[in-house]
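Please keep the sequence and the model in view while reading.

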Amino acid sequence: SHVMPAASASAPDGVVPRLVGTALLGLCWGVRGDDAVVAVATRHVIQKVAPGQPVYFAHVPKAGGSSFISHIRHLPRTEVVSMKTFGSGSTGDTSATTTSVVRADSRTSENAGKQTVYTCECILDDHEIRRSGGATRGAYTITQLRIPRQHVISEYMMCRETLTNGSPKLQELVASHQTKSGHAFPQTIEDWIAHDFGEDFPPKVHYDPYFGCYTPLNAQCDYLTGGKVRDSVDRQRAALAALDTFDLVSVLELMPEMFCVFGYVVYGDFDENACACAGADASGVPHVSYNITHIEFGDLGERARTRIDELTHRDVPVYVKGLGRALEAIDFVEGETSTTILCRESRVKLLDALDRGIPRFAEYLREDAGVFAPGVREYLLS
C-alpha cells in the first residue's frame, strides 16, 4: 500500500520549492543553488489529430519508442515513415526526407484514408522546422520517456550485446561508432558508468564521443533538446520546456494505456475490449527487445546504483513531468469514452515501479509539492 507522507515545507534532496511571479502562477520546483530550474505544473488540453494533420513521433532511443512504433505499424489505418536524417544531428541535405513527407502524405490517392506517422530522433523545434522545409509546421507531435534508472541500464546492455546478439545492421552501426571512438566498450556496467562523462560535454545526440555508443549522462534531456544545449542546467530547463511543445507525451511504464490514448486522439476511437483495464497489453504487439538481456536496477551493486542516480539526476524531473502528461491524457480519454483504461491493479503496479525507479518518489506525491498538474496526483492515487 502507498501511504501519503505528511505535508511539509521540505522538498526532495537538491530541490527547493520557490514562488515565482504571477505570470507563472503557482508553486514551482528549482534545483538548489543559483542555477534554479523552473517547472510549472499546469493542466494541458488534450487535442485530437485534425484530418490531414501529419503526426510526428520524436524517438528517444531506449525509451520504448521502437515498441510504440511497432504498435502503430500494426494499425490498419496507419502508415509509418522513418526519417533517418531529420533532426538526427546530421548536417547533410534533407531533401530526401522532404521527399518522403510528400510521397507519404495521407491526402494522396495511394494513401487515402490512412494516417501517416513520421518517426525521427529529434526534437521538433524551430530550427528543425526550418531544416525540414516546413514539413513539421502544424504537425501533431508525440514522444515517449522512460524511468531514468532503467533507461541507463537498457542503453548499456544495448551497446554491449548488440555486437553479438543484434541484427547485422545494428552490429555494423554500433561497431562503426565504437571503432571511430578508439576506445573499447567496457564489459561491465560498473566500468562504463565510472567514466567521467562530464556535466557540460559538447552534446552529440545518440552517441557519446568517448565510447561511441549511448551516453548515460541525463540522456533524455539531451534527446529532448536535440543535442544543442551545452550547459547541463540549461539543458534540463530546455527539456522541461520541450515537453510542453508536444501534443502527447507517453512513458514506457504506461505504454499499453497510451496505445489506447493514441488510437483515440488519432482516430477518435479504440478497441474497448482491449483498452478496458489495458494493463495487460492493449496492442497485442510484442515489445521490441533486440534480443538484449534485461537487468533490473535492484540487481546492481550499491556503488553502481548510486552512480546511476548521479548520472540521471537531471533526467528525473523531466521524466516525472512526462509521467504527469501521460496520466493527464489517460484521465482525459477515460472521461471522454467512459472507459476505465488504467485500472486499480495497474495503478498499484505503476506506483511500485515508481517507488523502485524514482529516488524518493513519495516526495513528489506530497499534496503540497505542486509537481503534477491539478487532479493528476489524485487520479494516480485513486
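The report below covers the overall fold and then the disulfides.

## Basis

This is a predicted model; local features need pLDDT of at least 70, side-chain atom pairs count only at pLDDT 80 or more, and totals for chains, interfaces and linings use all residues. Residues are numbered from 1 along each chain as its sequence is written, and side-chain values use heavy atoms, with hydrogens and water left out.

## Overall fold

The chain has 15 helices and 7 strands. These are DSSP runs numbered from the N terminus: helices are H or I, at least four residues, and strands are E, at least two. Of the 382 residues, 53% are buried. Buried means under 20% relative accessible area, exposed over 50%, and partly exposed in between (1.4 Å probe, protein chains only).

## Disulfides

The structure holds 3 disulfides, each a pair of cysteine sulfur atoms within 2.5 Å. One joins Cys159 to Cys213, S to S 1.9 Å. Cys159 sits in helix α4 and Cys213 in the loop between α6 and α7, 54 residues apart. Cys159 is buried at 1% relative accessibility. Cys213 is also buried, at 1%.

Cys260 pairs with Cys275, S to S 2.0 Å. Helix α9 carries Cys260, and helix α10 carries Cys275. Both are buried.

Cys277 bonds to Cys343, S to S 1.7 Å. The S-S torsion is about -85°, so this link is left-handed. Cys277 is partly exposed, at 44% relative accessible area, whereas Cys343 is buried at 12%.
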